[in-house]
Amino acid sequence: NRPEPLHILSVVENKTFRLARLRRKPKATTDHLNEKTGTCRRYAEELSQRTGYPCYPVKKAPSEGPVVFIGWLRGKFLVGSNKVDSSRVRAVCVVGLTPNMNANKIASDNGFKVPGYYLRGGIDRSKLNIMDKLVIAVVCALMKLKGLNDNNRELFEVSMNGGSFYDSSSLDQIERFIKKK
């Protein structure tokens, strides 16, 4: 009685990709994607290297088995979470900009009753559309009106100029979780 392999789902600009354990590793198919920031993909690829779960499109992935979902936070909504069968999800990785977020609460607010892990993301302004840039400009204007301080200055700078908080060590907990399963 071998346990089912665990699959990892990652959202890439509203296209969901899954990393799944296979006996033979196919070529990765993420290099041709046009993603807004690249952070979800980077985390998924790093997790793939650590756990041996290669990446391929969901349409070609097994439709059964438990999953770990990686998605980015827009407001309170975890992008792509509505495309995932929550009964299959065993853990959620939330990618966001702020230093600390309650990933368990975000997972719960998005319909998942599983452990949540927070991964810090980034912004590549060159890949944002006009609406994304407008929303960021409004948020930054509000931040500036309220006053910049040590708690929000870093977030303001990345939002205005782009940048990344990517930290592969933040995957350590989810890697341990996956290897336990």
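**Close-up views of a predicted model**

**View 1. Surface and overall make-up of the protein chain.** The protein chain exposes about 10,500 Å². Carbon and sulfur atoms supply 50% of that area. The model is predicted. Its protein chain has 181 residues, and buried residues make up 46% of them. Five helices and nine strands are present. From the N terminus on, the elements follow the order β-β-α-β-β-β-β-α-β-β-α-α-β-α. Among contacts in the protein chain with a separation of 6 or more, 68% link residues 24 or more positions apart.

**View 2. Strand β4 and its two partners.** Strand β4 covers residues 67-74. Six of its eight residues are buried, so the strand is mostly covered. One partner is strand β6, residues 89-96. β4 and β6 run parallel and are joined by six bridges. Within this pair, V67 stands opposite V89 of β6. The other partner shown is strand β5, residues 77-78. Here the pairing is antiparallel, over two bridges.

**View 3. The β4-β5 hairpin.** β4 and β5 form a hairpin, with two residues between the strands. G75 sits in the turn. Its phi is positive, at about 65 degrees. R74 has F77 of β5 as its bridge partner.

**View 4. Strand β7, covered on both faces.** Strand β7 spans residues 116-120. Five of its five residues are buried, so β7 is largely enclosed by the rest of the structure. In a regular strand, side chains alternate between the two faces of the sheet. On one side of β7 are G116, Y118 and R120. On the other are Y117 and L119. Both faces are covered.

View 5. β6 and β7 run parallel, joined by five bridges. C93 has Y117 of β7 as its bridge partner. Helix α2, residues 103-109, belongs to the unit too. Together, β6, α2 and β7 make a right-handed β-α-β unit.

**View 6. K133 in helix α3.** K133 lies in helix α3, which spans residues 130-146. Its relative accessible area is 30%. Buried means under 20% and exposed means over 50%, so K133 counts as partly exposed. Leaving aside neighbours within four places in sequence, K133 is in contact with R125 and L128. S159 is 26 residues from K133 along the chain. The C-alpha atoms of K133 and S159 are separated by 9.1 Å.

Notes
Residues numbered from 1 in each chain as written. Predicted model: local features only at pLDDT ≥ 70, side-chain atom pairs only at ≥ 80, totals over all residues. Heavy atoms only, no water. Helix = DSSP H or I, 4+ residues; strand = E, 2+ residues; numbered from the N terminus. Buried < 20%, exposed > 50% of the residue type's maximum accessible area, 1.4 Å probe, protein only. Contact = heavy atoms within 4.5 Å. Pairing = 2+ DSSP bridges. Right-handed = clockwise from strand over helix to strand, strands pointing away. Areas by Shrake-Rupley, 256 points an atom, 1.4 Å probe, with all protein chains shown as cover.
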